[in-house]
Amino acid sequence: MPVMKVDLHCHSNVSDGVLAPAAVAETARKAGVDVWALTDHDEVSGIPAARAAAAAHGMRFVTGVEISITWANETVHIVGLQIDEKNQALVDGLACTRSGRDNRGREIAKQLELIGIEGAYEGALKYVGNPDLMSRTHFARYLVEIGACANTGEVFKKYLSEGKPGYVPHCWASLKQSVDWIRGAGGIAVIAHPGRYRFTQLAQGQLFDEFKQLGGAAIEVVTGSHTPDQYPEYAQLANYYGFLASRGTDFHAPGESRVDFAALPPLPANVTPVWHDWF
């Protein structure tokens with residue numbers, strides 16, 4: 001029996017992706033995805049179009065969102081799966097989380113102007129599908145466009161990460177708020193790409209402990225934001241902490257993600273998938 005291909009972490013132009021929700025669905029299906037979730041940053045307005053497109057292409061659809069939080073002075077992302085996207089507390093919480101992004105974008109542009117990169121705000125705005133959700137990724141695409149860097153990864157390393165000239169911190173929701181919003185909307189809370197954060201082993205353990213105590217249920221194990229050697233590492237950690245395991249490309253645009261839909265490997269056999277009792 002063929003293994004069902006599941007992708008539970010994707011972005012559209014409703015947040016910082018390039019394609020409209022329906023086009024992401026089509027791209028995923030052409031690559032063989034059977035079960036798909038749209039998890040835009042701090043926004044659920046793309047879900048109706050994504051649901052309809054998934055149905056049209058014969059995919060099972062999972063409602064989702066990726067919430068930006070601040071934990072230990074670092075930005076961490078919490079994915080919510082199987083949510084009721086109309087839940088008022090969730091909708092209100094996400095609206096609050098989105099507020100302030102425009103001011104942050106203008107400050108990033110000012111910082112870049114100080115080092116000779118002019119017009120960054122207007123340049124980034126060309127890539128913004130949702131005016132409420134301007135992000136560093138939009139600035140990265142503009143800096144690639146003008147030849148400042150060869151790709152978006154280089155932009156983040158050179159300009160948009162902590163300590164670099166275009167980095168502007170932002171205080172997001174708390175871990176408790178994000179988990180409460182997700183669970184209150186009937187969903188399952190998942191720590192996105194845990195291997196991407198710059199935590200010590202001790203701090204990571206504290207994050208996992210607090211997340212579990214708050215009702216968090218899963219971590220991403222196989223993701224486009226992990227390297228292959230991190231897959232078994234986070235499979236082991238999922239089992240140690242009693243978490244379910246999730247999988248997703250973290251797709252943003254064709255050719256921009258580290259791993260595309262077709263190439264992402266399945267979850268290791270020794271973990272329990274977050275979708276184990278859904279179908």
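Guide: Let us begin with a surface residue: C96 is exposed, because its relative accessible area is 55% and exposed means over 50%, buried under 20%, and partly exposed in between (1.4 Å probe, protein chains only). This is a predicted model, in which local features need pLDDT of at least 70 and side-chain atom pairs count only at pLDDT 80 or more, while totals for chains, interfaces and linings use all residues. Residues are numbered from 1 along each chain as its sequence is written, and side-chain values use heavy atoms, with hydrogens and water left out.

Visitor: Is C10 buried or exposed?

Guide: C10 is buried, with a relative accessible area of 0%. Buried residues make up 53% of the 279 residues in the protein.

Visitor: How many disulfides does the search of the whole structure find?

Guide: A disulfide is a pair of cysteine sulfur atoms within 2.5 Å. The search finds zero.

Visitor: Which residues of helix 1 are buried?

Guide: Helices (H or I, at least four residues) and strands (E, at least two) are DSSP runs, numbered from the N terminus. In helix 1 (residues 21-30), the buried residues are P21, V24, A25 and A28. Seen down the axis of helix 1, these fall within an arc of 100 degrees, so they line one face of the helix; the arc is that of the directions from the helix axis to the C-beta atoms. Their cover includes strand 2 (35-38) and helix 2 (47-56).

Visitor: How should I read a salt bridge?

Guide: Side chains of opposite charge can pair when their charged atoms come close. A salt bridge is a side-chain nitrogen of Lys or Arg within 4 Å of a carboxyl oxygen of Asp or Glu. The structure holds 12 salt bridges. One of them joins the side chains of E26 and K30 (3.2 Å, N to O). Both residues lie in helix 1, four residues apart, about one turn of the helix. E26 is partly exposed, at 34% relative accessible area, and K30 is exposed, at 68%.

Visitor: Which distant parts of the chain does the pair of R101 and D42 link?

Guide: The side chains of R101 and D42 meet in a salt bridge (3.0 Å, N to O). R101 lies in helix 4 (residues 101-114) and D42 in the loop between strand 2 and helix 2, 59 residues apart. R101 counts as buried at 4% relative accessibility, and D42 counts as buried at 0%.

Conventions: Contact means heavy atoms within 4.5 Å.
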